[in-house]
Amino acid sequence: MEKLTAVKGMNDVLPPHSATLEWFEASIRTLMRQYAYRNIRTPIVERTPLFIRGLGEVTDIVEKEMYCFEDRLNGDSLTLRPEATAGVVRAAIEHNLLYDGGKRLYYMGPMFRHERPQKGRYRQFDQIGAEALGFSGPEVDAELILMASALWKKIGLMDVQLELNSLGQPAERLEHRKALIAYLEQHEDKLDEDAKRRLYSNPLRILDTKNPQLQDIVNAAPRLMDFLGADSLMHFNTLTSILETNGIAFTVNPRLVRGMDYYNLTVFEFTTNRLGSQGTVCAGGRYDYLFEQLGGKPTPAVGWALGVDRVLELVKSDGERAVEPVLDVFVIVTEATAFPFVMKQIAMLRDLGLSVQMHAHSATGLGSMKSQFKRADSSGARFVLVFAADEMAAEQVTIKPMRDASLAQQTVPVQHLPIWARTLQSHD
Ligand code: ATP
Ligand code: MG
């Protein structure tokens, strides 16, 4: 039979790594609560036009990375979401979420992009994102950046760098665009295929090229920063002054543009040099025109998204931490007939808050007491409870401490179990 494997670029998350992921998600929930961001969950499948209108037609994602398919019933074009901001804004408009003022939201979940899989770049990957909807001032841009910085500190990533830029407003971008096209036309013979194609459709994106041969040309290109008006500059300067006051180091990168067309004013990226060309772990910016583009009322907004796989890659390279859940009790059962009674005792222990793993039949049976003890040992449980034939006859249970040498093994009446369980400090 043909071997069944996962789709290329789509990964299984297995224990113990899944425990690291759960630990990270728990850190995020705490962080979001501290910053008063509330959870939103939108569907994984959206109508294709949402992304075309939201992200822009001439973007990598829309041009070549989306998983689109047809709804068999009505022929609608649907897409596995490549990112979640468009869906969040769609939901905010659809449910009139901002009727009583701005909303701070966060999401976590899988995104899908048809890219060339490599370390830190997958076809299904998890993102966590924060969006502040309905807020126009640079203080919220700063709040989001402070929150991300707090996260790096909290999970022990010390080498994440912040790069900032301002994309200004559409009118300013238009002036810059004219100057940029005029400049690039002078060098047209040296441009690569991608750049030539984008020369008139999306010249700003050419500045973001990874082609080393174009670096000199883009380095000398007209800078958007030099085309900003007073209001845009004020927004940018207020943001940087908040960051400075709060001890957040950053560099201004005038060539920083983002992969989606919806950004204006502030854009930023958190990067490391430990992940090769997949060095951006978190990216975001302001998108004050997206609501209108998706048919809503004009509404300022700003947000970021982080790549969970990349962040956890860094955490792992710092040494996988002991985040495996602590198991309180492993239960050994030597007679199959004991299960009804034993499982009642286990339910009681769990009700008291303990984590309990029960030995059960495998394909080869229950196994000997010795082999069960081996499993108990490798489970990492703090205690083993033995329900063997002799003990069951006398309605007794043996409690064997596995980790603490100062405790002695004891055999007690089964009805004493709740008292014993209450003396245990649960690790939850
Ligand atoms: P890149 O330049 O690396 O392709 P991007 O600009 O396409 O990133 P965004 O769309 O801004 O990325 O997504 C935010 C974050 O999500 C990225 O900074 C990255 O950490 C993560 N990310 C994006 N694409 C992938 C992917 N294919 N696999 C894993 N993580 C990804
Ligand atoms: Mg990309």
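A residue is called buried under 20% relative accessible area, exposed over 50%, and partly exposed in between, judged with a 1.4 Å probe and protein chains only. Because valine 45 has a relative accessible area of 34%, it is partly exposed. This is a predicted model, in which local features need pLDDT of at least 70, side-chain atom pairs count only at pLDDT 80 or more, and totals for chains, interfaces and linings use all residues. Residues are numbered from 1 along each chain as its sequence is written.

**Surface patch**
- Valine 45 belongs to strand E2, residues 45–47 (strands are DSSP runs of at least two residues, numbered from the N terminus).
- Together with Ile44 and Phe69, Val45 forms a nonpolar patch on the surface, with about 220 Å² of accessible area in total.

**Shell around ligand 1**
- Among the 17 residues around ligand 1, Arg113, Glu115, Arg121, Arg258 and Thr280 come nearest.
- The shell has 7 nonpolar, 4 polar and 6 charged residues.
- Strand E10 (280–286) supplies at least two shell residues, as do strands E6 (124–133) and E11 (301–307); the largest share, 4 residues, comes from E10.

**Atoms facing ligand 1**
- A backbone N or O atom of tyrosine 122 lies 2.9 Å from a nitrogen atom of ligand 1.
- For glutamine 127, a polar side-chain atom lies 2.9 Å from an oxygen atom of ligand 1.
- The protein buries 91% of the 590 Å² that ligand 1 exposes when taken alone.

Key. Chains lettered and ligands numbered in written order. Heavy atoms only, no water. Patch = residues over 30% accessible without salt bridge, like charges linked within 9 Å, V, L, I, M, F, W, Y side chains within 5 Å. Areas by Shrake-Rupley, 256 points an atom, 1.4 Å probe, with all protein chains shown as cover. Salt bridge = Lys/Arg side-chain N within 4 Å of Asp/Glu carboxyl O. Near = heavy atom within 4 Å. Polar contact = N/O pair within 3.5 Å; in protein donor to acceptor, adjacent residues only side chain to side chain. Nonpolar A, V, L, I, M, F, W, Y, C, P; charged D, E, K, R; others polar.
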